[in-house]
Structures are given as C-alpha cells and as structure tokens.
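Visitor: Could you take me through this one, and tell me what stands behind each label you use?

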Amino acid sequence: MAFVQFSDVSLAFGDRDILKNVSLSLQSGSKAALAGANGAGKSTLIKVIAGVIAPDSGARAVQKGARIGYLPQSGLTHAGCTLWEEADRAFSAGYELQAQIDALGEELARSPAHTQTLAERQASLIQQLDDSGWHRRAAVIESVLSGLGFSRDDFSRMTETFSGGWQMRIALATLLMQRPDILLLDEPTNYLDLEARTWLEQFLQEYDGGFLVVSHDRYFLDVTVTEVYEVFCGTVRRYTGNFSCYEKTRATEIASLMAQYERQQREIQRLEDLISRFGAKATKAAQAQSWQKQLDKIERITVPEAFKPLCVAFPPAPHAGKVAAVLSGVTKTYDGAHMVLDNVDVQIDSGERLAVVGQNGAGKTTLLKIIAGVDTHYSGSCTLGTGIQVGYFSQDSAERITGSDRILDYIASRAPMKLIPLLRDMLGAFLFRGDDVFKSLSVLSGGEKSRVALLELLLRPVNLLVLDEPTNHLDMYAKDALLAALDDFGGTVVFVSHDRGFIEGLSTRVLEVRSGGCRLFAGDYRYYSERRAQEAAAFAEEQDVFEKKHSSAVQSLSSGQRDWQAEKRRKAEMRKQEKDIARLESTIAELEERQATLERALADPAVYSDGEKSRAIQQDIQAVSEQLSLYMNAWERAVAEQ
C-alpha cells in the first residue's frame, strides 16, 4: 500500500513558526481534508507533503514507487497543443511502457537465444500496461473533460486560448487522469461550477487512491472526506469523521479555548492594573515585582483571528413595496444569433432570497445584469417595484478597485457614520486582519479586490441585492459571516453561487435557467434538488412502463399482425429518423453560422480591446459550442440508428 509519512516536521519563515513538530500519515484509501484558519499554513503543509518545499527538520518517508500528484491553488498555464493533446499527456507513462514493449519485441527478433527472458519481461510490461487502463485512455479523457465542464468543441481548441480558471480545470483533469497513489488538492473547487463540483465529488468518492484536499466548500468536504487534519498554531491534529463531525467537535473545543482565553485576559488585565497603580510606590515595590513575575510566567493563549466572533451588519434596508421586480417577456440575444434568454416571465417578491441556478453559459449572469439594470439591450420589460434601490456585485467588480488609498481609508470614506466603529470587524470578516487593513489598493490581488468590492456594496442602504458569485475568495468563516448578514438583511436577495452549502443556507426559492427559459421552484434549494430528482425518477418510470406496454401489445398480436405492424412501424420510424436528421442538420448549420458570426465579431479590434464585450462574446461562443456539441452527438446517434 502506497503511503507518505511525516514525523516531527518543522518549518519556519523568518521568526515565524509555520509548522512545529508535525506528524501526519496518508496512504491509499485516505480521504482527508486539511482545515485551518486563513494563513494557518495549509498550503505550505501541502507543498511540504508534495516535496515542493523542504522542511527545516524532521523526517519525510515516501514508499518506493509511490506516485504523489499535487494541484496548487493557481498559477498553472498550458500552451502549444490542443486540449485533447494536453490531456493525453497524462498517459505518458503508458506511452513509455509501450515503447519498452516495442523495443523488447525488436530485441526478441534479433536475439532468439534469450527468448524466454525477454518474453517474460515483455509479458510483464504488457500486463502492467493493461492494468494501467492505457488502452481505454480515449474514453477516460472524454469522461473526465466532460465531467469538468469542457465541451466536445473544446477538445480541439489550443490550450492557450482558455482563461485562467479553465487553465486550472485543465491541470485538475490531467492530474485526475494520471491517478496517482496520493492526490494533494489545494482548493480544487475554486474554479468549478455546481455541475463540475458534483462530478468531482463522485470521482473522489470512488477514487481507489488516497487524497488530501483543502476547500472552503463545506458541502463538498462533507460528502468526500472521512477524516480531517487541522493546522492550528503550527501544530496538526487529526479528527475522524466528515467535516460536519469535525466542526461539532471543534466548536466545543473552541468554546472552551475562548473561555480560557477570556479568563486569562481578565487575569492579565488585573495584574497590569495592579502594577500600574502600585508599581511606583516604594512600600509596594516588592509586591509589584511579584505581580510582574506572575505576569511574565503566564503562557499566553493564542486565538487565531478567524476564531474570534465576526459580525457583518447591513444598513437598514429602505422601505419598499411587496414586489421587488417583475420580468415580462424578457428575451436576450447576442448579435441576433445566440438566444440567451427566451420570453422569461418572473415575479420576485420583496424579502425573498432567490437562488438562480443552471449550467455554465445558460444565462444566469445575463439575467442578473438585466435585473440590476446593467444590461438594457433586451426585449420585453424588467420593472422594479416601488422604492426599490439596487446593489449589484459582479465577478468583474474587482476591476473598479483602483488607486493608492489604504483599504481602511477607502472603506471608511464610503461607510455610513454609524458603521465606522464596526469597520475593523467587518474588514476582518472579509479576511483583512491586523496590518492588512493598511494595504494599498494598488498592491491587492484580484481576490482581495473582489472582497473589498463586496464589502463596499454591503455598506450601501439598498433593498435589492443582486449578487453574482459573492462567496468566491472567502473562507468558511467569512462565508458564515456573510450568510448570517444576508439572512438578517431586511431587503431582497437575488444571487448566483457555486457553493451548495451557501445556497442551501440562504435560498427561499430557486429559479432554474435552462435552454434560454426559466422555471421557478417555490421552495429552497433542497426542495429544488428533491423535486428534480423525483421528476427524473418519474420520467424513467414512465419510459419503463411505456416500453413494457409496447412490448406486451406487440406480443398479443397474431404473427401476421405483428409482421404488418412491425413493417409499418419500421417505415414510420425511418421517415421520422429522416426528418429528425434533416432537422438536426439544419440546426447544426444554423449553430455553425452563429459560431462563425461570433468568432468574426471577436476578431473586431473594437470588441477584443474591450474586456467586457470580449468576455460576453467568448461566453456566447462557449454556449454555442456546447449546443453544437449536443446537436452533433444527437445527429451521430440518429445516423448510427438508421
């Protein structure tokens, strides 16, 4: 069994101890999460396990021949080949085995005297190649790429044409197809939508190797892991059970720790007050020295900022009518070719939390832009209710955060006066703690700017929040603080998120965007999931009943009747197939023309030099490509069945 073990591993950066005498063991079959506050050292520990960083001291043991695969949070790019070719590189070990097998075959032809030895070596390599699944690599590549959200048309695209998030998906796909003995995954869900996350959940549940994963998606961890390692103040402790079990146990421990911390702080304050009051008096000098010794001996309890209670509060929502917004016949196309939304009718009531769900490219972001009033180029109407004031957060909001102001000054200049005393806590909830609040906006990363933009939005007195992926770049504690704030918010929330736990915790109704249309579910996300599962099961049952009835009816006919009916059905089916194929070919031609039109538009300097227009058209191209892939698959099946 493959394994990797650490004993008494320590690592320091300058005068800061990142890891102190850490011991940890992973093996095939391990399904583990790595938890801890932001900045606790999770990514550093994973790099040590992967062998990317060498520890200062301690022992690292890896079983001979064990393969360890590591996926960092970001920074991986691919270029110079197609997506399929890049994925095929995951099977390079198989190609090497095949080359050895071929070389042995040539040697066998040249050296008949050593036939048995060479044949045995070749047979062993052939068996090894068969066991590796190399001969099934095409099916594996298609399955993994499709599962992670790539369309068939993407397979032939050059890898350098994919954006940063999709570059990380390529890296994840390649790593999964290599099937190492131990997988080390640092935030693999950051760039995945719900469908891709669900696929990855199933993959990890069935994975026969071991894995250690860092993720801020509570639901994802709950359904994939059976043990949790927590990094806390440089130490690592193991907890058995899934992530919810860990959180329950840890909550009790943290409550005890906080009680000890508060008692210690009171004792420290008492001693400091005594020393301050009596230290200057000659008659109390000896006593003051005794108090100082007591103070110096106290071993200070350290509580990470993330464990201290966080509170995010909104300004009171302005009064509004019973209806927040009404969409009537909303239809949206790009360049008159790609239909994004088709005759959408939706009423959003004040006070509800509406989750907008659907596959990538379905039109969720476009719908939110229309509700927020950012996109006005559509037919139909979107009417806001009486007194409605909109606050909009988009995935591109970070681009507006510019200048040399310090974070604290920037936020303070935009906050209502009564929130000024709470700003440090609010910044802490969004991961800006300690001296971080004095950072200049000009040095912030994209993720940090997104968090500043989200906090800025929450300071405004609005009653309709339209949020597109607000949980990106937030850890679990910040997500919990945001969720609590949104739950207490007196207005209406319309949001898109790929964090299932966040959706389940906030949603009161669900709007599904699919194939240009929308369908409203009068319940939360769990109700939506159960309803969709029931509908899928009912459809499958109806199909089964129909097939059984059809089979029974055929069996009850006489031989002559069956022959006549069979021939009639065959001819009718042939006519239907011919019509279906013609219809599919017509649709495929239309989609190809749409794709060509969009690609020509993207080549226009006025478009590709405009980031927003370029991204919108690239999204349209992707959506058209996915539709085209579906229709091509249907056409291939129809032709094969003729």
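Guide: Two strands count as paired if DSSP finds at least two bridges between them. The strands (E, at least two residues) and helices (H or I, at least four) are DSSP runs themselves, numbered from the N terminus. This is a predicted model, where local features need pLDDT of at least 70 and side-chain atom pairs count only at pLDDT 80 or more, while totals for chains, interfaces and linings use all residues. Residues are numbered from 1 along each chain as its sequence is written, and side-chain values use heavy atoms, with hydrogens and water left out.

Visitor: How do you know that strand E3 and E8 pair?

Guide: Four bridges join E3 (residues 31–35) to E8, and the rule asks for at least two, so they pair. The two strands run parallel, and Ala33 has Val228 in E8 as its bridge partner.

Visitor: What pairs with strand E9 in the antiparallel sense?

Guide: That's E8, over six bridges. Phe232 stands opposite Thr235 in E9. Two residues sit between the strands of this hairpin, and there Cys233 has a positive phi near 50°.

Visitor: What makes E8 largely enclosed by the rest of the structure?

Guide: Buried means under 20% relative accessible area (exposed is over 50%, partly exposed in between, with a 1.4 Å probe and protein chains only). Six of the six residues of E8 (residues 227–232) are buried, so the rest of the structure largely encloses this strand. Both faces are covered, with Glu227, Tyr229 and Val231 on one side and Val228, Glu230 and Phe232 on the other.

Visitor: Which sheet does E16 belong to?

Guide: An open sheet of six strands, in the order E14-E15-E16-E12-E17-E18, with mixed pairing.

Visitor: Why are strand E14 and strand E18 called edge strands?

Guide: Each pairs on one side only. E15 (residues 464–468), by contrast, is joined to E16 by five parallel bridges, and Leu465 there has Val493 as its bridge partner.

Visitor: Why are H5 and H7 called oblique to each other?

Guide: Axes are lines fitted to C-alpha atoms, for helices over the stretch in contact, and angles run from 0 to 180 degrees between N-to-C directions. Under 35 degrees is roughly parallel, over 145 roughly antiparallel, 65 to 115 roughly perpendicular, and the rest oblique. H5 (residues 137–147) and H7 (residues 194–206) cross at roughly 130°, their axes coming within 9 Å, and are therefore oblique.

Visitor: Which residues meet there?

Guide: Ser143, Val144 and Gly147 in H5 meet Glu195, Ala196 and Trp199 in H7. They divide into three nonpolar, two polar and one charged. Ala, Val, Leu, Ile, Met, Phe, Trp, Tyr, Cys and Pro count as nonpolar, Asp, Glu, Lys and Arg as charged, and the others, Gly among them, as polar.

Terms used. Contact means heavy atoms within 4.5 Å.
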